[in-house]
Amino acid sequence: MGGLTRTAPTQHTAYAREDAAVDAGADAAVPARVDVAVVGAGIVGCLTARAVLDRLPGVSVAVVERDAIAGGASRRSAGLHFPRGASAPVRRMAHFSERYYRALKQEDPRLPIYGLDTTVISATAGAHRLTEHYLPDRLRRTDRPPHGPAGPIRLPEDTGAWEVTGGQHADVPALTQRLAAQLRPAVRFLEGTRVLTVDSGPDHVGLGLSSGATLTASKVLLAPGPWLEDPAWRPWTAGLGLRVKKVVALHVERRPRPSDGVIVFEDEDAFLLPVHHRGHWIFSYTSSQWDVAPDGADHHLTPAELAEARSVLDRFAPELVPLCTTGRVFCDAYSPDRVPVVAPVDDFENVIFAGAANGSGYRLAPAIAADAAPLLCPTTVPRSHP
């Protein structure tokens with residue numbers, strides 16, 4: 001996957017005119033035809049819309065979102081990025097995304113993306129796995145324990161600490177909304193609009209919308225996050241082997257110091273993250289509850305989840321356990337091999353699925369978007385309007 005050719009958002013060509021053919025009774029603000037329609041206005045959907053316009057400025061793009069921009073998994077995202085991947089494909093994607101976000105921040109320093117010192121704690125006996133999972137030349141052994149919410153983190157016997165370069169943190173909802181604002185008016189955003197039907201044909205895809213309108217596109221991207229079971233696309237996503245898992249993070253009610261960084265507990269698959277713009281820390285650990293629904297009623301902390309998370313934290317910072325009484329709960333889509341899926345799902349290869357980021361949607365979103373853009377916008381695109 002090569003680098004992106006950046007095009008400033010102000011150079012994106014706005015719609016020259018609307019297609020005059022609008023379904024009877026449909027809202028005139030909804031375009032009848034576009035080149036590319038993106039379903040889902042989270043960080044993956046918005047970055048893909050941007051990547052499509054970077055690839056072919058002037059292409060017409062619409063983003064359809066059932067809620068508000070960044071209203072789903074992106075709103076609950078911890079926004080942590082560090083240069084890690086348990087497999088070569090994910091390491092490649094992490095490296096690409098790191099460079100992308102760095103360039104994005106240089107392009108607009110006001111974006112809510114912040115560099116973050118990163119320390120990894122792992123058993124010394126398994127230290128060789130760190131060099132396999134992290135990008136080359138990013139690890140340096142340190143004898144200094146990292147500083148947590150209540151002082152230095154305790155290092156149990158036979159564990160060590162490694163400093164890692166390249167970490168950063170973002171306010172993902174604010175970033176996604178800022179990116180969407182930059183994309184207007186080159187991209188038409190249809191918020192509060194649900195896709196009820198997806199009708200794929202050899203040269204177009206028809207989207208039946210909850211507003212009563214029909215949106216026709218040459219190519220469609222499905223970026224639904226954990227909404228895999230939606231009847232509009234369930235027949236296609238069912239064959240991908242994806243599952244939805246609960247994601248749990250406790251809030252540690254201590255204000256971070258400006259110099260505090262993230263602490264990754266490698267063997268426990270957990271991390272302590274200072275969320276400076278919110279004034280507290282997050283302790284994220286791996287939940288084992290599968291097959292949950294994003295619209296379900298179980299998105300709250302349970303006593304069992306609190307106990308499970310606290311038991312992990314107690315090993316390294318027992319003084320923080322009493323401070324963990326609240327948190328955030330949602331879910332994400334996971335793939336069988338823990339590599340995000342970007343692939344056509346219909347017979348005509350006009351409907352592309354992008355997602356299943358396995359809890360790393362923000363971290364891998366630029367790479368997912370870069371992989372999706374060529375499938376949505378080949379060298380020659382059948383133009384849907386003059």
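## Basis of the description

The model is predicted, so that local features need pLDDT of at least 70 and side-chain atom pairs count only at pLDDT 80 or more, whereas totals for chains, interfaces and linings use all residues. Residues are numbered from 1 along each chain as its sequence is written, and side-chain values use heavy atoms, with hydrogens and water left out.

Helices (H or I, at least four residues) and strands (E, at least two) are taken as DSSP runs and numbered from the N terminus. In a regular strand the side chains alternate between the two faces of the sheet. For strand 21 both faces are covered, with V351, F353 and G355 buried on one side and I352 and A354 buried on the other.

Two strands are said to pair if DSSP finds at least two bridges between them. Strand 14 (residues 214-222) runs parallel to strand 21 and is joined to it by 3 bridges, and L221 has I352 of strand 21 as its bridge partner. Strand 20 (residues 341-344) pairs with strand 21 in the antiparallel sense over 4 bridges, and in strand 21 the residue opposite A343 is F353. Strands 20 and 21 form a hairpin with 6 residues between them, and in the turn E349 has a positive phi of about 60 degrees.

Strands of a sheet pair through backbone hydrogen bonds, either parallel or antiparallel. An open sheet of 3 strands, with antiparallel pairing, has the order 3-10-4. Strand 3 (80-81) and strand 4 (113-115) stand at its edges, and because each has a single partner strand, one side of each is left without a neighbour in the sheet. Between strand 4 and strand 10 (residues 168-170) the antiparallel pairing extends over 3 bridges, with I113 opposite A170 of strand 10.

## Cysteines

With a disulfide defined as a pair of cysteine sulfur atoms within 2.5 Å, a search of the whole structure finds 0 disulfides. For C331 the closest cysteine sulfur is that of C46, at 19 Å, which is too far for a bond; C331 is buried, with a relative accessible area of 3%. For C377 the closest cysteine sulfur is also in C46, at 17 Å and again too far for a bond, and C377 counts as buried at 1% relative accessibility.

## Aromatic rings and charges

Rings of Phe, Tyr and Trp (its six-membered ring) pair if their centres lie within 6.5 Å, and planes under 30 degrees apart count as stacked, over 60 as edge-to-face and the rest as tilted. By this criterion a search of the whole structure finds 8 aromatic pairs. One of them is the edge-to-face pair of W290 and Y334, with 5.4 Å centre to centre and 75 degrees between the planes. This pair links distant parts of the chain, 44 residues apart, since W290 lies in the loop between strand 18 (280-285) and helix 7 (303-314), and Y334 in strand 19 (residues 324-334). W290 is partly exposed at 26% relative accessibility, whereas Y334 is buried, with a relative accessible area of 10%. Elsewhere, ring pairs link F96, Y100, Y101 and Y362 into a cluster.

A charge is said to sit over a ring if NZ of Lys or CZ of Arg is within 6 Å of the ring centre and within 35 degrees of the ring normal. The charged end of R76 sits over the ring of F330, 4.0 Å from its centre, and that of R363 sits over the ring of F82, 5.3 Å from its centre.

## Two buried residues

E266, in the loop between strand 16 (262-265) and strand 17 (270-275), is buried, with a relative accessible area of 12%. Its side chain makes a polar contact with the side chain of Y134 at 2.7 Å, where a polar contact is a pair of N or O atoms within 3.5 Å; within protein, one must be able to donate a hydrogen and the other to accept it, and residues adjacent in sequence count only if both atoms are side-chain atoms.

L47, in helix 1 (residues 43-55), counts as buried at 1% relative accessibility. Not counting residues up to four places away in sequence, L47 touches Y100, Y101, L179, A365, P366 and A369, contact meaning heavy atoms within 4.5 Å.

Note on methods: Buried < 20%, exposed > 50% of the residue type's maximum accessible area, 1.4 Å probe, protein only.
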